[in-house]
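Visitor: Could you walk me through this structure and tell me what stands behind each label you use?
Guide: Gladly; let us look together.

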Amino acid sequence: MLAWKLKAEKQGYFTQDEWQTGLKALGVDSLSKLKKALSDLEKEVEKPSNYEDFYTYAFRYCLTEEKQKSVDIESICELLNLVLGVQFRPQIDSLIEYLKVQNDYKVINSDQWINFLRFCKEISFPDLENYDATQAWPLILDNYVEWMREKHS
């Protein structure tokens, strides 16, 4: 969340400018103020107006190589757990289970990542009754729904 707020471009690294500009924007000039700002940041991320931006940023933040456009399944599972796990625990546990057992995908791209959030927000779970495969869902979600229905039939 701090990396998102500081608009850090590289994972695990803040430029001096990112750090100074970000802390100034947060009104932080001491360690105690930084601790308070971090707890406030959690509330800020939870606001619907900020959440989608944070969610999109989380994926981009995992792109560590130049021209990289996708993230490996193992990392995506961890990221899903961190970013969506609190809000959508049953869906995320199930999706992670599927991602670990399926063999069609080794990586996830940005479009698939964005649609995971849309899926969690829009589709009833666990019945998936309102899932319509004729809508513009990525194939990985069509496959996930098929796997879920087979699993529960």
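Visitor: What makes helix H3 roughly perpendicular to helix H4?
Guide: The axes of H3 (residues 31-46) and H4 (residues 48-61) cross at roughly 95° and come within 5 Å. Angles under 35 degrees count as roughly parallel, over 145 as roughly antiparallel, 65 to 115 as roughly perpendicular and the rest as oblique, so H3 is roughly perpendicular to H4. The axes are lines fitted to C-alpha atoms, for helices over the stretch in contact, with angles running from 0 to 180 degrees between N-to-C directions. Helices here are DSSP runs of H or I with at least four residues, strands are runs of E with at least two, and both are numbered from the N terminus.

This is a predicted model, in which local features need pLDDT of at least 70 and side-chain atom pairs count only at pLDDT 80 or more, while totals for chains, interfaces and linings use all residues. Residues are numbered from 1 along each chain as its sequence is written, and side-chain values use heavy atoms, with hydrogens and water left out.

Visitor: Which residues make the contact of H3 with H4?
Guide: H3 brings Glu 44, Val 45 and Glu 46, and H4 brings Pro 48, Asn 50, Tyr 51 and Phe 54; contact means heavy atoms within 4.5 Å. They divide into four nonpolar, one polar and two charged. For these classes, Ala, Val, Leu, Ile, Met, Phe, Trp, Tyr, Cys and Pro count as nonpolar, Asp, Glu, Lys and Arg as charged, and the others, Gly among them, as polar.

Visitor: Why is Cys 77 called buried?
Guide: Because its relative accessible area is 4%, and buried means under 20%, exposed over 50% and partly exposed in between (1.4 Å probe, protein chains only). Cys 120 is also buried, at 4% relative accessibility. Across the protein chain, buried residues make up 41% of the 153 residues.

Visitor: Why does Lys 7 count as exposed?
Guide: Its relative accessibility is 64%, so Lys 7 falls in the exposed class. Lys 7 lies in the loop between helix H1 (2-5) and helix H2 (16-26), and its phi is near 55°, a positive value in a residue other than glycine.

Visitor: Is Leu 128 buried or exposed?
Guide: Buried, because its relative accessibility is 1%. Leu 128 is in the loop between H7 and H8 and has a positive phi of about 55° although it is not a glycine. Pro 126 is placed in the loop between helix H7 (110-122) and H8, and a cis peptide bond with omega of about 10° joins Phe 125 and Pro 126. Most residues other than glycine have a negative phi, and most peptide bonds are trans.

Visitor: What makes His 152 exposed?
Guide: A relative accessible area of 52% does, so His 152 belongs with the exposed residues. His 152 is found in the segment after helix H8 (139-151).
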